[in-house]
Structures are given as structure tokens and as C-alpha cells.
Amino acid sequence: MARGEAYITGIGMSEVGVRLDRHPLLLTLDAVREALADAGLKPEQIDGVATYPGKMPSFLGFSPVSSDDVIEALGLSTRWHLGGAEMTAQLGAISAAAMAVKAGRARHVLCFRTVYEAAAMANPTDYPPPRRTELTGASQWTAPFFAISAATWVAQYATRHMARYGMTREQLSEIALNAHRNAARNPRALVKEPLSAEKYFFARMISSPFCLYDCDRFTDASTVVIVSAGEALDEVTAPPIRIAATAGSVERYSWDQAEWPGSYPTGKALWERCDYGPDDIDVAQFYDGFAFHPITWLEGLGVCGIGEGHRFIEGGTRIALDGELPLNTGGGQLGAGRLHGFGFAHESVVQLRGEGGARQVPGSPRVAVATSGGGPMAAALLLTRES
Amino acid sequence: MSLGVPRPRPRLDRDNRAFWTGGGEGKLMICRCGDCGQWLHPPQPVCRACWSENVAPQPVSGRGTIDSFTVNHQPWMPGLAVPFVIARVALEEAPAIYLTTNIVGCPVEDVAVGDAVHVAFEEEDGIFFPLFEKDT
Ligand SMILES: [Zn+2]
């Protein structure tokens, strides 16, 4: 294994649920324990921590546990850590960890994302919702028009795609149908059953063209990925997965001012940083907080042309587990739960190791792309199995 | 209160005051660079194209086209009357900047991408929210 490279050497996940009672720090601990056992590492070998978005006192459910919290609570002794929202989307934290181990600032970085939105909403005493005050910052340009949820922002990107390129709801539905089909094969997924087209089209609309099944739902869970330096691989027991390239971008901070999704420039940049290309992807884990996002990733990464993503997924066969580009094999966020970006890195590693069980894609995949973000913000990881 | 509940209100400050109060004089005020002509939204005290500080709010015609939209069916807060249209409008003078807004005055099914629209202010306690109506 190469010096100066970064690898994912351990993955872990807590229970994934809705309105869990377990303390969010303990959910994080559950995922950390599993990842350490997976990597064969001891807590004292962790010398870095990274998360997104870190401390957010006004949105406790959205980000209940920060990097500082984990270091303090678990008694870690770190030499590098990071947590913040001002980065290129959720997987930007894993990208930063890869840079830290390449730069020699850390040997084993614990990257985590804990979400607690469902539990927090059910327990306003312990997790008070943000106080409704006068708006400042970016939200003042959307919230006065009741464009409060990202669903309404991303829905407008999707409507634009329909008007410009002819995307239909039938084509869009393949993302949710595929997600539920795969989730039903993933014992840790929130969703347990496949979804029928009839049920999809009968569901109530949230924000057109998105119906209920096109939107992820609040989830309580923690996901951990350990990023290790090439120099430290003799300390781990799991088969290492190389972080072959990372990329990210934010087109405009104001979601309503962007001309195109962040997946377009980020997808292009990813290939400029490695010797791989879109034809090399064996398994795709594309952010699906809303069903339209994966379509923009197919286009941004050059799997198909701009404005052709909906035709690529038509009928659902290409993106199925046995298709030419298996997509969101664990169910994605629409099926497995809103793990907020980190689930895509986790599932990439599962597939590259061949540990997917009933949802394992055939053919011993070697190259995976994990993405996160939506609208104008984007991050992507190219992950490869070397042996 | 056209949608059943008071609109969430911006806190007025030196950057946004002209935008949120211009409707009192019937004017949609958009920030513009006096040197290179760049339109700026959200408003800011420097031009993002040339870094000139010669930037000031300027009235625009209030005419535009619907770049995209969504029919929102989800009541995100108690009492919110649904469905209604949330749209992103490209302004006639400044096609590269957009306003998030509501399209009012017509059934939601009559709204389409590319429709010509014009501003219609709705006032609540001194804030003039720039909504848009379809041209007839
Ligand atoms: Zn200028």
C-alpha cells in the first residue's frame, strides 16, 4: 500500500430508527465501537476526528454531536480535528480527513455524522426547536415565501429539468422504487418493503414534482468511517479501500441563485484528479435526499450527458443491483434512512469489500463513487479496492 | 396573510432595507454595480464581478419570467393554506439573478415555466413582500 495515500479502514453504524430514545452521543459511540472493531483499532490509536456540520446549537436535532463533543466524551487524544458547515457538502469532512492523513497530521481519523431530527422533534423539552425570530442571512430570501424546506428548493431544480429536457414523473419514480427495492434487502435499512408504482403514484404530493416517496425522512442514527494513512495500514485488519480522489464545490451559497447543480462541476473535477472515468464506476452511491439528486450526479459525472439522466434511469434496469450501474445498493437515504451523506461512503465500502449479502452487486466491484450534497453544493469520493 | 398565516419576516438591515421596503413606493429595488452594471442579489456592499464599492439599490420594472416553480402541498407550519406556488423569477433587466417568490392571482395549475409575470407587492406591517402575478 502506497505511502502518502489515504484509505478507509473501518466503517460503523448505530441502530437506524425514527424517534430513538438512545442518547445521540451513545448512538455515536455505538457506531464508533463498530468501526474500531471493524478496523482492528483501539481508541488510543485514533488521533483525528472530523464531522459535518459540527456545532449547531440552534438546530440540535440536525447536528446533536460535534467533533469536540466526541473527543471530550470518549477521552480521545487527537492531533487534528475539524467540524463545520462551511465546506463542500457532507462528504467534504471525509475529503478533509484524507488530506490530513496524507499531510501527516494524523494516522487514523474518525469521521462521523450523527443525525437526531426525528427524536428531537418528538422531544422538544430536551431539544427545543429553533425560536421563530426575524430572519437574517440566506433564509430571508426564501422563507418569507414559505420556501422553508429544501424540498421546495430542489423541487424547482427538478421542474426546470422537466421543462428543459422532458423528464417525467414516471422516470423520476425509478429512484424511489430502486431505493425501496434495495432497502428491503438491507437488514439495517429503515424501509423494509419494496414500493409499488401504484403506491408511489397514489402518494400525496409534498412539493411538485416530489411526492412523499421522493423525499427522505428524519432519521436518528450515527455513521462512522475511519480514514487512515497509507503509512499506518499495518495497524489495521480490515481490507483497506483507497480514497483515490475527492472533489467538491459550492456554486452559490444562495440556493436560488445557482444556474446548475453543484454535481456538474464536482463530477468533472473528480475525473481530472485521477486516471479513472465514468465507464469505470462499478457501483454508484449517489446522494438522494430528494429523488432528483442522483439524476444530476449521473449527468455531472458524465455517465450520461447533461439533460439525459432521466432517460438513463428509465425502466430502472440500468440502476438495479444486476444492472450496468447499480445505484444506492443499500437503499440510499430514501430507503435506508437519512444518514446525511455518510451512508453513501459506508455502503461503498460494504460493496467494495463484497459484504453486501442479499444486496451485494455481482462481479466483485472495484470502483465506487460516493456523493453528497444537493442543489448548488456537492462533494464526491472515488473509492477503489486495490487487492 | 394571503396564505393563512403571517409571512416569516426579515430583520431589516443596511443591506436589505431597500429591497423589503421599496414596495411602499411601488418599486422593486435591486442592488446594482454603478461601474460595471452587474446586478447583485442578495444585496451586498461590493460588486461580486469587479469588486467596486459603487453599489446601490436601483428600481427595476418588476417584469420577469418564471424560470422554475413548484406547487407546494405541504403545510410547513400550522395554518398554512395549501396548495400554492413557489417560483424562481428571472427579472427582465437582470436575467442572471433570480427572486424566490409566490405566484398569486391564478389557479396553481395555470402556472408554467416561461410564463411572463409582474410584481405585486403584499404588505404586512411595513414589509413589502414582492409576489408575482401572471401577465394577462
Ligand atoms: Zn461591478
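My entries below go from domains to sheet to pocket.

**Entry 1: the domains**

A reminder to myself before anything else: this is a predicted model. I began with how the chain is divided. Chain A has domain 1, covering 6–127 + 218–241, and domain 2, covering 149–216 + 243–384. I then looked up the spacing and found 23 Å between the C-alpha centres of domain 1 and domain 2 of chain A.

**Entry 2**

Next I traced the strands. In chain A I found an open sheet of nine strands with mixed pairing, and I wrote its order down as β3-β2-β4-β7-β1-β8-β11-β10-β9. Its edge strands are β3 (80–83) and β9 (283–285) of chain A, each of which pairs on one side only. From one strand to the next, the twist averages 25 degrees.

Strands β10 (residues 367–372) and β11 (residues 377–385) of chain A run antiparallel and are joined by six bridges. I also looked up Val367(A), and its bridge partner in β11(A) is Thr384(A).

**Entry 3: helices on the sheet**

Which strands does helix α1 of chain A touch? Helix α1 (residues 24–39) packs on the sheet against β1 (6–13), β4 (108–116) and β7 (220–229) of chain A. The direction of α1 makes about 130 degrees with that of β1(A).

Helix α3 (residues 92–102) of chain A packs on the sheet too, and I listed its strands as β1, β2 (48–51), β3, β4, β7, β8 (241–250) and β11 of chain A. Its direction makes about 25 degrees with that of β7(A).

**Entry 4: the second largest pocket**

I finished with a pocket.

The most comes from α12(A), with six residues.

I sorted the lining of the second largest pocket by class and wrote down eight nonpolar, 10 polar and seven charged residues. Back to my first entry for a moment: domain 1 and domain 2 of chain A each give at least three residues to this lining.

Notes. Residues numbered from 1 in each chain as written. Chains lettered and ligands numbered in written order. Predicted model: local features only at pLDDT ≥ 70, side-chain atom pairs only at ≥ 80, totals over all residues. Heavy atoms only, no water. Pairing = 2+ DSSP bridges. Helix = DSSP H or I, 4+ residues; strand = E, 2+ residues; numbered from the N terminus. Axes fitted to C-alpha atoms, helices over the stretch in contact; angles between N-to-C directions. Contact = heavy atoms within 4.5 Å. Nonpolar A, V, L, I, M, F, W, Y, C, P; charged D, E, K, R; others polar. Domains from an automatic or database assignment.
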